[in-house]
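Welcome to a short tour of this model. Please keep the sequence and the 3D view open as you read.

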Amino acid sequence: MSKEANEISSAPITPRPVAPVAHEQQQPPVSCPPSQYNSPSLSRSPLLEAAVPAANHHGGTEDVEGAGAIVPSKTPKGARTPLGIRTPRMSLTPRFLTPLGSPVRKALKATRLDPEDAWLPITESRNGNKYYAAFHTLCSGIGIQALVLPVAFTILGWTWGIICLTVTFIWQLYTLYLLIHLHENIETGVRYSRYMQLFSFTFGERTANLLGLFPIMYLSGGNCVALIVIGGSTSKLFFQIVCGATCTAKPLTTVEWYLVFTCCAVMLSLLPNLNSIAGVSLIGAITAVAYCTMMWVVSVTEGRLPGVSYDPVRRGSEVARVFDVLNALGIIAFAFRGHNLILEIQATMPSSEKHPSHVPMWRGVKVSYTLIACCLFPIAIGGYWAYGHLIPANGGMLAAIYEFHSKDVSQFILGLMSLFVVVNAMSSFQIYGMPMFDHMESKYTSRKKQPLPWWLRCISRAMFGFGCFFIAVAIPFLGSVAGLIGGIALPVTLVYPCWMWLKVKKPKKYGVSWWVNWVLGVLGMGLTGILIAAGLYVVIDTGIKVSFFKP
């Protein structure tokens, strides 16, 4: 024999009579059927090529008289089977996993699973489900940023405030739908388990690093810093409520409370992967829904404050008013977060052609965003109704309740509310820190071609946590630039998914999908530039209390 048949990992193809050697041609590669999309066998067995008989085989076939006669191939010496009808050897993969006998003829560019994914915290475990997806999405999608929504209403007023909040909610829910269905590419057989992976595939690595890397990493690392500030300061408030006015214990300083919160968050961050923190996300989701509900219920129950006005705040020149409106839109955009984590959450699920991951993922997202809407709209409308233009610009609902109702509301309710804020901040720290942990560990695994040792994983995560603590102490006024942060994060939430859908799915030109995504993409990108400029203007014009290393 001049060549051996390539090994295949499936049921054998039905044998056919062998044509004369003189007329034999090389067969095209056998394609992998769609049933093998993300099959475990693709990580072990190569795609196959049909056996290629040797040309000019010694002792070839002889002419056989008679029309339509089939020319048999010459039996070689020994007990070997002719190449044309040779039965392939079995591999470790069961036959039912790779049915190459199907009539599929269109080539499928199946890609082997990256072995490094099994070493990284996001994709280390793929046994997630719709419940885990709902826990993670709810924990990452709602948080302390929702408490400043009434501040945006003081600028926009009742009508435009509700309209802008509703439109933004529908818009970001639509882009969530796009991201979930972009996670799996049927043509290439690849699962894009990280936002940056999908962005790089769509627009190229250079463009992704230029336009996507900073806002995506900022949404992860920056949120972790903000959570330390919120968690530490609320922990101090919780201690004051529990201890009471007659307490003789020496209170900790703000920096020390930051350190206490960071140490607890770092201990929780030692959980190995994204699926392992599903219980933590469940606790974070419950506490987020609880304190949001408690705040608007307490505010509405206590009634409107005396002298409340609902007239939109108008100050300074016409230019200043325009920038105030844009800054309010940035605050609304900042209330919707978590799009930079949606692909990572979906990556924790198993997927096949028969049971694609986008089905349970979308079910979990619908449930979680129903609850998010039940929290955001009441807290925005109820908070604005109760406090109007008197609501504090820094702190929003949380600051308003302690400022106006600290003597009217039970200390137990105030303490429980503060405790829920602290627990939610600590839970959110885990899920927002996971992309950063994954990014750091990928640097090691790509160079060493082995998983990160457990002791080095502990060190790297502790370094990240205390690095965020240092930034929180050095720059404690990050919460004062919510509008600016919303403008920076806007493309990740509202713009890039539309453009990626146009690039990858290629909808019919001038069709409904084509027009919708182009309009939303262009509109969102224009808003991004305007909101960033407006956020900078408001920060410069109104001023913020800059206190480096003085939290």
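## Reading the helices

Axes here are lines fitted to C-alpha atoms, for helices over the stretch in contact, and angles run from 0 to 180 degrees between N-to-C directions. Helices (H or I, at least four residues) and strands (E, at least two) are DSSP runs, numbered from the N terminus. Two packed helices are described by the angle between their axes and the distance between the axes.

This is a predicted model, in which local features need pLDDT of at least 70, side-chain atom pairs count only at pLDDT 80 or more, and totals for chains, interfaces and linings use all residues. Residues are numbered from 1 along each chain as its sequence is written, and side-chain values use heavy atoms, with hydrogens and water left out.

## Confidence and overall make-up

The predictor's confidence in each residue, pLDDT, runs from 0 to 100. Its mean over the protein chain is 78, with 75% of the residues at 70 or more. Residues 1–15 have a pLDDT below 50, and beyond near neighbours in sequence this stretch has 34 contacts (heavy atoms within 4.5 Å) in the model. Over residues 20–112 the pLDDT also stays under 50, and the model has 134 contacts beyond four places in sequence for them.

The protein chain holds 15 helices and two strands. Of its 551 residues, 48% count as buried (under 20% relative accessible area; exposed is over 50%, partly exposed in between, with a 1.4 Å probe and protein chains only). Among contacts in the chain with a separation of 6 or more, 84% come from residues 24 or more positions apart.

## Where α1 meets α7

The axes of α1 (residues 130–141) and α7 (residues 278–302) come within 8 Å and cross at roughly 50°. The two helices are therefore oblique to each other (under 35 degrees is roughly parallel, over 145 roughly antiparallel, 65 to 115 roughly perpendicular and the rest oblique).

On the α1 side, Tyr-132, Phe-135, His-136, Leu-138 and Cys-139 take part; they meet Ala-278, Ser-281, Leu-282, Gly-284, Ala-285 and Val-289 in α7. These contact residues divide into eight nonpolar, three polar and no charged (Ala, Val, Leu, Ile, Met, Phe, Trp, Tyr, Cys and Pro are nonpolar, Asp, Glu, Lys and Arg charged, and the others, Gly among them, polar).

## Where α5 meets α12

Helix α5 (residues 213–243) and helix α12 (residues 411–448) have axes that come within 8 Å and cross at roughly 155°. That makes α5 roughly antiparallel to α12. Their contact residues comprise 18 nonpolar, 11 polar and no charged.

## A buried serine

Ser-357 sits in the loop between α9 (342–346) and α10 (358–387). Is Ser-357 buried or exposed? Ser-357 is buried, because its relative accessible area is 0%. Leaving aside neighbours within four places in sequence, its contacts include His-183, Glu-184, Arg-191 and Gln-346.
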